[in-house]
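Hi,

Here is the structure I promised to pass on. My notes follow below it, starting with a bit of bookkeeping.

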Amino acid sequence: NGGVSEPHLSFRDEPGGRELRIRVPGVSKEMLQVEINDNKLTVLYHIPMETSGKQVYLPKEVIKQTLPYFIEIPGIHAIYEGNELVIKLPYNELSNGYNRKIPIVE
């Protein structure tokens, strides 16, 4: 009866950043895509469908998440380890917080 694979996601905090691990049963690694649009990270794949004798591909989002300010967006990279997609999200200098005293003006 068809259906869609349920993805398995796990986040891990590491000293230099975060790590996102994704496994989607039944979806090959060649089908997965990782995109960043503005400050949103999206992982998706396309489901092939036939309509009116033509093959079309419908996008299926695995995850869409707004990236926090303390992630170094240009440093994000993705690799495959075994049967998992691993996305490395490195911290930037703001990960330690931004602190300053604000003077009160009379």
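For sorting side chains, I count Ala, Val, Leu, Ile, Met, Phe, Trp, Tyr, Cys and Pro as nonpolar, Asp, Glu, Lys and Arg as charged, and the others, Gly among them, as polar. By that scheme the lining of the largest cavity divides into five nonpolar residues, one polar and one charged.

Before the rest, some ground rules. This is a predicted model, where local features need pLDDT of at least 70 and side-chain atom pairs count only at pLDDT 80 or more, while totals for chains, interfaces and linings use all residues. Residues are numbered from 1 along each chain as its sequence is written, and side-chain values use heavy atoms, with hydrogens and water left out.

Back to the cavity. A cavity here is a set of points on a 1 Å grid over the protein atoms alone where a 1.4 Å probe fits but cannot get out, and lining residues have an atom within 4 Å of a point. Volume is the space filled by probe spheres set on the points, with grid points joined across faces, edges and corners. The count comes to one cavity of 30 Å³ or more, and the largest has a volume of about 40 Å³. Its lining consists of F11, R18, Q65, L67, P68, I71 and L89.

Now the fold. The protein chain has zero helices and seven strands (DSSP runs numbered from the N terminus: H or I of at least four residues for helices, E of at least two for strands). The radius of gyration, taken over C-alpha atoms, is 19 Å, well over the 13 Å that the globule rule gives for 106 residues, so the chain is more spread out than a compact globule. That rule is 2.2 Å times the number of residues to the power 0.38. Along its principal axes the C-alpha trace spans about 75 × 35 × 25 Å.

Buried residues (under 20% relative accessible area; exposed is over 50%, partly exposed in between, 1.4 Å probe, protein chains only) make up 24% of the 106 in the chain.

Leaving aside residues up to four places away in sequence, T42 touches Q33, V34, E35, E61, I63 and K64 (contact means heavy atoms within 4.5 Å). V105, in the segment after β7 (84-90), is exposed, with a relative accessible area of 73%. V105 and F70 are 35 residues apart in sequence and 30 Å apart in space, C-alpha to C-alpha.

Cheers

Key:
On a 1 Å grid over the protein atoms alone, a cavity is a set of points where a 1.4 Å probe fits but cannot get out, and a pocket is an open set with protein on both sides within 12 Å along at least five of seven lines; lining residues have an atom within 4 Å of a point.
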